[in-house]
Amino acid sequence: MGEQNAKRNVNAMRNKSNVDEVQMIKLDAITIGSFLRDGYRAGKMRSKCEKLLEQDLLYSFEKLPRRLKERFVELRPVDNLSYAIVSEKGKPYGYCVISKQDDGTLFLADIKSATEDGMMGLLYMSLAAVFMEMQPDEFFFIATTDESTRRAIEKIFLTI
């Protein structure tokens, strides 16, 4: 049920007419926890996340100014699970938006960063926050609309 809701929601957000264009990657709490602890890229991603935090560049949406959050309103972000990288001048240059369906299903609605390091740090931080929110029997979904993104996400999680 959650997977179909996530597909519909992502499809509507992307303004696409064909739900089949969106492929869903389904992750359980054990997979996410194993990835965060033992994943082959987890150490590097954790390091990038720590660096962003040390530089005071990584903010949860809870702490973002309203003007910055407004650009994501249609994605319906969960503020304590979504993160943005904001420069010292107050300009965002990366974000990871986690959304929640009406049934409580969490999913990655959108992620973007100007740098690979930023992308790794954002994904690690958001997944750690999601993991802390999940119950053992719940699932998290990552929506992909292109083959290269799907392969990259699967490569990250299938090598646990």
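Visitor: Why are H2 and H5 called oblique to each other?

Guide: In this predicted model, local features need pLDDT of at least 70 and side-chain atom pairs count only at pLDDT 80 or more, while totals for chains, interfaces and linings use all residues. Residues are numbered from 1 along each chain as its sequence is written, and side-chain values use heavy atoms, with hydrogens and water left out. H2 and H5 pack at an angle of about 135 degrees, their axes being 10 Å apart (axes are lines fitted to C-alpha atoms, for helices over the stretch in contact, and angles run from 0 to 180 degrees between N-to-C directions). Under 35 degrees counts as roughly parallel, over 145 as roughly antiparallel, 65 to 115 as roughly perpendicular, and the rest as oblique; H2 and H5 are therefore oblique to each other.

Visitor: Which residues make the contact between H2 and H5?

Guide: From H2 come Ala29, Ile32, Gly33, Phe35 and Leu36, and from H5 come Tyr124, Leu127, Ala128, Val130 and Phe131 (contact means heavy atoms within 4.5 Å). Sorted by class, these residues are nine nonpolar, one polar and no charged (Ala, Val, Leu, Ile, Met, Phe, Trp, Tyr, Cys and Pro count as nonpolar, Asp, Glu, Lys and Arg as charged, and the others, Gly among them, as polar).

Visitor: What makes H3 roughly perpendicular to H5?

Guide: The angle between H3 and H5 is about 95 degrees, with their axes 7 Å apart, and that makes H3 roughly perpendicular to H5. On the H3 side the contact includes Ala42, Met45, Cys49 and Leu52, and on the H5 side it includes Asp117, Gly118, Gly121 and Met125. This contact of H3 with H5 has nine nonpolar, two polar and four charged residues.

Visitor: Why are H2 and H3 called roughly perpendicular to each other?

Guide: H2 and H3 pack at about 80 degrees, with axes 6 Å apart, and they are therefore roughly perpendicular to each other. Here Phe35, Leu36 and Arg37 of H2 meet Ala42, Met45 and Arg46 of H3, a set that divides into four nonpolar, no polar and two charged residues.

Visitor: How many helices and strands does the protein have?

Guide: The protein has six helices and six strands (helices, H or I with at least four residues, and strands, E with at least two, are DSSP runs numbered from the N terminus). Their order along the sequence is α-β-α-α-β-α-β-β-β-α-β-α.

Visitor: Why is Ser60 called buried?

Guide: Ser60, which lies in strand S2, has a relative accessible area of 9% and so is buried (buried means under 20%, exposed over 50%, partly exposed in between, with a 1.4 Å probe and protein chains only). Leaving aside residues up to four places away in sequence, Ser60 touches Asp79, Ser82 and Tyr83, and its C-alpha atom is 5.9 Å from that of Asn80, which is 20 residues away along the chain. Across the protein, buried residues make up 47% of the 160 residues.

Visitor: What makes Met134 buried or exposed?

Guide: Met134, in the loop between H5 and S6, has a relative accessible area of 9%, which means that it is buried. Beyond four places away in sequence, Met134 touches Leu27, Asp28, Ala29, Ile32, Phe139 and Phe140.

Visitor: How do you know whether Arg76 is buried, exposed or in between?

Guide: The relative accessibility of Arg76 is 39%, so Arg76 counts as partly exposed. Arg76 lies in the loop between helix H4 (66-69) and S3, and its phi is near 55 degrees, a positive value in a residue other than glycine. Most residues other than glycine have a negative phi. Asp56, in the loop between H3 and strand S2 (58-60), has a positive phi as well, near 60 degrees.

Visitor: Which residues have the most contacts inside the largest nonpolar core?

Guide: They are Ile32, Leu58, Ile98, Val130 and Phe140, in a core of 32 residues (a nonpolar core is a set of buried Ala, Val, Leu, Ile, Met, Phe, Trp, Tyr and Cys residues joined through side-chain atoms within 4.5 Å). Among the elements giving two or more residues to this core are helix H2 (29-38), helix H3 (42-54) and helix H5 (116-133), and H5 gives the largest share, eight residues. Apart from this core lies another, of 15 residues, among them Val22, Leu68, Val97 and Ala109.
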